[in-house]
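Trainee: I have just opened this entry and would like to learn how to read it. Could you walk me through it?

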Number of protein chains: 2
Amino acid sequence: MDKKYVYSFNEGTKDMRALLGGKGAGLAEMTRIGLPVPFGFTVTTEACSRYYEDGKKIDDSIIAEIKEKLADLEKVMGKKFGDPDDPLLVSVRSGAPISMPGMMDTILNLGLNDDTVVALGKLTNNERFAYDSYRRFIQMFGDVVLEIPMKKFEDIFDGKKAEVGAKFDVDLQTEDLKAIIESYKKLVKEEIGRDFPTDPEAQMMEAITAVFRSWNNDRAILYRKINDIPNDLGTAVNVQSMVFGNKGNTSGTGVAFTRDPATGEKRIYGEFLVNAQGEDVVAGIRTPEPISQMAERFPSAYKSFEHICEVLEQHYTDMQDMEFTVEEGKLYMLQTRAAKRTAEAAVKVACDMVDEKLIDRKTAVLRIEPEHVEHLLHPVFDAKDEAKAEVIAEGLPASPGAAVGKICLSVAKAVELKESGEKVILVRPETSPEDLAGMISAEGLLTARGGRTSHAAVVARGMGKCCVAGAREIQIDEANGVMKVGDKVYNEGEYISLNGTNGKVYLGEITLIPPDFSGNFGRIMTWADEIRRLKVRVNADTPADVKQAIEFGAEGVGLCRTEHMFFQDIRIPAFREMILAKNEKGRRAALAKLLPYQRSDFKAMYTALKDRPMTVRLLDPPLHEFLPKTDEDVRQLAQESGVSEEAIKERSDALREFNPMLGDRGCRLAIEYPEIAQMQTEAIISAAIEVQNEMGYEIVPEIMIPLVGGRRELAYVKDIVDKAAEETMAKMGKKIEYQVGTMIEVPRAALTADGIAHHAEFFSFGTNDLTQMTYGFSRDDTADIIAKYVDEGIMDTDPFKTIDYYGVGRLMKYAAEYGRKTRPNLKLGICGEHGGDPKSIELCNKIGLNYVSCSPYRVPVARLAAAQAVIKQADEEEEI
Amino acid sequence: MDKKYVYSFNEGTKDMRALLGGKGAGLAEMTRIGLPVPFGFTVTTEACSRYYEDGKKIDDSIIAEIKEKLADLEKVMGKKFGDPDDPLLVSVRSGAPISMPGMMDTILNLGLNDDTVVALGKLTNNERFAYDSYRRFIQMFGDVVLEIPMKKFEDIFDGKKAEVGAKFDVDLQTEDLKAIIESYKKLVKEEIGRDFPTDPEAQMMEAITAVFRSWNNDRAILYRKINDIPNDLGTAVNVQSMVFGNKGNTSGTGVAFTRDPATGEKRIYGEFLVNAQGEDVVAGIRTPEPISQMAERFPSAYKSFEHICEVLEQHYTDMQDMEFTVEEGKLYMLQTRAAKRTAEAAVKVACDMVDEKLIDRKTAVLRIEPEHVEHLLHPVFDAKDEAKAEVIAEGLPASPGAAVGKICLSVAKAVELKESGEKVILVRPETSPEDLAGMISAEGLLTARGGRTSHAAVVARGMGKCCVAGAREIQIDEANGVMKVGDKVYNEGEYISLNGTNGKVYLGEITLIPPDFSGNFGRIMTWADEIRRLKVRVNADTPADVKQAIEFGAEGVGLCRTEHMFFQDIRIPAFREMILAKNEKGRRAALAKLLPYQRSDFKAMYTALKDRPMTVRLLDPPLHEFLPKTDEDVRQLAQESGVSEEAIKERSDALREFNPMLGDRGCRLAIEYPEIAQMQTEAIISAAIEVQNEMGYEIVPEIMIPLVGGRRELAYVKDIVDKAAEETMAKMGKKIEYQVGTMIEVPRAALTADGIAHHAEFFSFGTNDLTQMTYGFSRDDTADIIAKYVDEGIMDTDPFKTIDYYGVGRLMKYAAEYGRKTRPNLKLGICGEHGGDPKSIELCNKIGLNYVSCSPYRVPVARLAAAQAVIKQADEEEEI
């Protein structure tokens, strides 16, 4: 038998993940670089496979190997299994090559029995601790190894508590624990027909077998099936000696960071407890001391620790988060991993490490979570204040940042309070374009319905305002001016605070900390710009947004949604007149009123952009979105427009659709009412000519036709646009260049991209709709379904947040490839919400887009993510 | 100069379409096989291209060629251009290689001028005819060649009519026509600054130039752009000598078929008029005589004609439809083409021609329009009766056949009348599953809304009942028991007749002719079965449908929609109880009531099928479809169920969706409520076991999971199904084989077919939904848009009728290919409406599906279409 089935920790490396599992490989690596890790060994994944091949039996030769490694372990530790004076105790843990829920996790303190528990009490000088550990060990072993229902152990435990009148677990005395242990042993004997195993070796072999068995439990099998993990991969088992930080005043335990995780400052930061186990630090029963106390108490161990911090940072070239134990003056490292850190710390650590020549600029750029960048652009809550505040509801974190203001349940109220100098949070069941004025007045938005891509969320992100969406517990009673959560009632005018980054809603005012663009932030962004290939544009409909985005580094507008312009107060009556008109003549009359507004809108945008490009999308949403919904509003429109209420309702009914998402909108409107596209084209072209005449900017308008599904459809609308453009230029006596392109947002457009590219000078992927139609998911209806799918492991992530690589991604790749077959210089971009999502930007980089476009506050995120995409792609040149 | 730009008719063949255009190639072919065709020549498409290359100028060398061919023509005809005794007159027609609207069509009688018109009058012995022809020639030439607005000619013409008090054109006398001609000439001079061309050669050259020019008019350019026809293809021009059937009693004209187009009987069938032109036959001013009269009047010409009929059938090996003229005893063939014929005639002619050894069986199979087959299965109206009946409305021909019955506006009324022995037509705004009882009672269905794939249409086709859908003019006033069309009112109980094949609604009772499965029909179907590769299954939910379909040749059930079973009276209360239940326990209790019904439904289906396979789809539609819609119905449900009205409405509201098509349905229901899928699986498996035990049939149930979008989703639901199947088999003590597969109806499913195939033993393409999502077209909302697209040439055909080859077809091809990469023996089928559409079946054959499935009355259509697909594919092995 040549194959080796068991590896001591000093026989492996971090690259042996497939054989040793993730955890085993990590322990081996720490051992390898000379860190003081409690010794142990790993039974390999191949041993697990053999277990199944051999009919659920561990082969004698493997048992012999395990025993050999155990003997080595005893030798290294100077302790023996079952030794009544100084017994070896171990933990047994599973560790598959791929992290996988549902399998047996951990058994601690294995090796305890009626004899060794006495020794543990003496060694830790804590008899109660020893018996409680023993009690827990029997219970854990009984449950996961012997498969006795946990409920039966709990019944015994709770019975004892009731019997002695103990309110909490800690109220049980040592004698009580001893009695419980006796009952547990009796239970075990009744259940499995034999005594609880007292021989530590037998305990260990049973535990190893249980880990192998758990590889094939129902939950693990389903998980592998769903995630396409091969069944024959197998799991490894790690057996590691226990060390005790609670052996008296020469022992202790702690957690620490190599640098300050809040600020990034270069100093060891952490907490320490004398005579304690790791659990005690976590449980918070005793208050830990700052790590500096360790230097005083254990100067030698601390010096070792300082050195280890240096070694770890040099080895991993990153800031580390470590757990350690001091047992009788000797330091043991239990874990090290890359440290979580705040956005501020991440930026500082990355820049410092470049200066320290520990990492290069590329690595520094990779070290910043792109999502963190957005936090740096928004105010945040004072963390201590937030921790103390009362959470009254929770929703989806739909737009990041933090906001404080008074509850306002209507647009009118929000506008009124804002005008009187108050800060306002607009709280609505959901928002529609009619709520725009209220949204502008508010510091933040809170909705009871809708998801990440609801109207409220999209508009809020565009405005850089914080938004919590879909907080389902909230009930809004506008008539009585109250918001209810369960049986609690909050009045309009009361202060609340929203955290758009974690989705929490707090009562009262929490202190806000304004954003700070430090010098380090600027350095990172400059490095990112040097690396990235993708251009970054902004989705913006107002000059204010354009100006904000340019400050954030935007290189043009990727999506200007003209319909947002129509919702503004002075324009909506004319637009509704157009919809209600009986014939083309009536529509043209109404459109003539809109033309000057549209032209001046575009002029303002072009002026703000200077010579940067702008893609304008022709009218997209279904017309019924522009008509009033309530009887009250219909009545008002009837009065204003002179059209009867009946006629308005009739038109509304005629426009009503079963599935508006798949209905009369996008270029279908342009085909039905060419006069709309003509007016918009005239506005775009004439605005560009006027700004060019007035300011001298070279403007090449990009006119984008939405919801195209095929070549002929695009050709038809392009013909309308081209003619209107020619006429406008003739009228103005000046020729300019312009481009006509299309959204790729209907699956058929992607599938026939080779045909469509004959008539399109650019494609812009509208991945919101593309995702809706590719999945058959209405984003207004399926937030719950998607949440459930993510919970159940059916999806890794919400496809409206990150582009679905395998479905939507394949379509995009196909469209890019086939589009460029027809037109090699086809310009490709993305303007869906995904344009600001880092994982999605990686995909965009891979399939060769020219730019991404996103909301203003995502622009710096996209710049960084685009740089990271270049670096990562160079590493893994793999197919999608 | 080597290239030849002008071909006489005797210099070309039917294969020279690209050079001579379609029309020119046809005329050449007839000439080539020795038919007496009025002679002429074709100016080639290359001459058109040269015209543009040379700066819109016909090169002198080409002009010389034209004149040369003209001289040949004069020689052949023995007539000369401008000859005042017997002038040559010609027609000039455009003819592109691809039929294309928008171009100049035809100029007749070219060669007329003030001199030749006199000759024409004498030759035809009809002065008025001659001057009317001259008048028309100037008008047509003025409009299309000289580009003078038609309106100006019409004003002159109408002015003259008013002046002389003529009510109709024919009331104008020769002198009036002469006066009009003078005014026309004056108008031409004013408009173009020169006289109307009197020289026939000049007329001809101007006409040829006009045809070339029309190649580049706006409409033609847009058409080419939309249809991707190259601009440099060019059009040909045909110049053909005129012949006159109105030169006296030795002349005449006629149209005829080589066989009877109504019955297929082998005898010449047609009509004939002495001393007349073709126009006269068409205009119906004189009543034509049967063709037999020609034999008496012109025995020699008729003998030639009989011979020509033989020649044409032998040459084209098909029944011909011909136009001819006899000029002074001499027969001229003006046109021949494959004859349109009734379904009955098509079948008889094809079988006869096989017996005559004129064609082989494959050709015979190709000769039957698959759509015609369905007509043979349904009753039809007596054609004479139908021609006389009053059309009161028109809708979409949604399900073929004909039906007569009394108008019923409600289900209750329909059931009541049917029970009292009356025949009923159910007339509804639209139908829903609740109307099922009424639909069963009715002979035919008429709806005011909805399209080809509306509920009414789909159910009617399934039942083989006639349906006219979306007859928009109809208004239904159920309260007053009347149906209105415009200002006309029809009472409930009045008789109407529906033609589901042409969409017409008639007042009163039209005589019905029952279907007749003749021996010839059986022969054709047998030949088709020998050729086809695709299996044909049926979409059926009832044993009655299954039996009907098996008679029509169905080889199994491709789609059994379980939800249709839930709508039946006794089941719907339990199903609603399930929906309204507060928790899983309540749902399980309601499902337990449904289980015996589902089981007995499946048993009846399996029994009817004997050993043929059946695919059962798990519950698919959104739950809100099962809840009552009106307040009245909610009240009733509240009384029956004991659930409060409020609670019902609340649940309804909670289930309400913005885009139900993209919402909570299909496998998403199974993931939310696994107990539904469990109950259905138990019913399917236990029914199969029981029928197997009782009848001995070998049943392998096929369980189909709908709306799957990805591999993990399918794995999750398959796990639920597998466990329920295992439990059921264990409970019943018998193991059977079964298969689990999925619908491919979400674009993402097609795009990730390689992954999905890991867990699916079969795919069934749900092309209705796949088309909706691939195009972004809700079929409930976009009928008008699609109609407009087809009108405008943006689409060739409704993609819900025929699969869109380039978009949906690419997805299907991809799914088939990638699915079989993972699982080479993956079974592939289609169960969307397209499964019964011949063009779509061609695609299914090409991409290698195993079967198509369609409604019972489409089964024979599919059998024939599947055979034709095999034959056609062998011919054109081209890529999709």
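Mentor: Gladly! Let us begin with helix axes: an axis here is a line fitted to C-alpha atoms, for helices over the stretch in contact, and angles run from 0 to 180 degrees between N-to-C directions. Keep in mind that this is a predicted model.

Trainee: At what angle do helix α5 and helix α7 of chain B pack, and how far apart are their axes?

Mentor: Helix α5(B) covers residues 127–145 and helix α7(B) covers residues 174–192; they pack at an angle of about 20°, and their axes are 9 Å apart. Angles under 35 degrees count as roughly parallel, so α5(B) and α7(B) are roughly parallel to each other. Their crossing is left-handed.

Trainee: Which residues of α5(B) and α7(B) meet?

Mentor: From α5(B), the contact includes Tyr131(B), Arg135(B) and Ile138(B), and from α7(B) it includes Leu177(B), Ile181(B) and Tyr184(B). By class, the residues of this contact are seven nonpolar, two polar and six charged.

Trainee: How are α3(A) and α8(A) oriented to each other?

Mentor: Helix α3(A), residues 60–77, packs against helix α8(A), residues 200–214, at an angle of about 125°, with the axes 12 Å apart. The two are therefore oblique to each other. The crossing of α3(A) and α8(A) is right-handed. On the α3(A) side you will find Ile63(A), Ile66(A), Lys67(A) and Leu70(A), which meet Glu201(A), Met204(A), Met205(A) and Ile208(A) of α8(A). Six of these contact residues are nonpolar, none is polar and two are charged.

Trainee: And how do α24(A) and α28(A) cross?

Mentor: The axes of α24(A), residues 584–609, and α28(A), residues 674–695, come within 8 Å and cross at roughly 35°. This crossing is right-handed. The contact of α24(A) with α28(A) holds 13 nonpolar, five polar and nine charged residues.

Trainee: Now for the two chains. What relates chain B to chain A?

Mentor: In general, two copies of a chain are related by a rotation about an axis and a shift along it. Here, a rotation of 180° with 0.0 Å of shift along its axis places chain B on chain A, with an RMSD of 0.2 Å. The copies are thus related as by a two-fold rotation axis. Both copies use the same surface, since 100% of the contact residues of chain B recur in chain A.

Trainee: How much area do chain B and chain A bury between them?

Mentor: The size of an interface is often given as the accessible area lost when the parts come together. Chain B and chain A bury about 5300 Å² between them, with 54% of it on carbon and sulfur atoms. In chain B, Leu662(B), Arg712(B) and Arg748(B) lose the most area to chain A, together 14% of what that side buries. The contact takes 55 residues from chain B and 55 residues from chain A.

Conventions: Residues numbered from 1 in each chain as written. Chains lettered and ligands numbered in written order. Predicted model: local features only at pLDDT ≥ 70, side-chain atom pairs only at ≥ 80, totals over all residues. Heavy atoms only, no water. Helix = DSSP H or I, 4+ residues; strand = E, 2+ residues; numbered from the N terminus. Parallel < 35°, antiparallel > 145°, perpendicular 65-115°, else oblique. Left-handed = near helix turned anticlockwise from the far one by under 90°. Contact = heavy atoms within 4.5 Å. Nonpolar A, V, L, I, M, F, W, Y, C, P; charged D, E, K, R; others polar. Least-squares fit on C-alpha atoms with pLDDT ≥ 70 in both. Buried area = accessible area lost by both parts, 1.4 Å probe.
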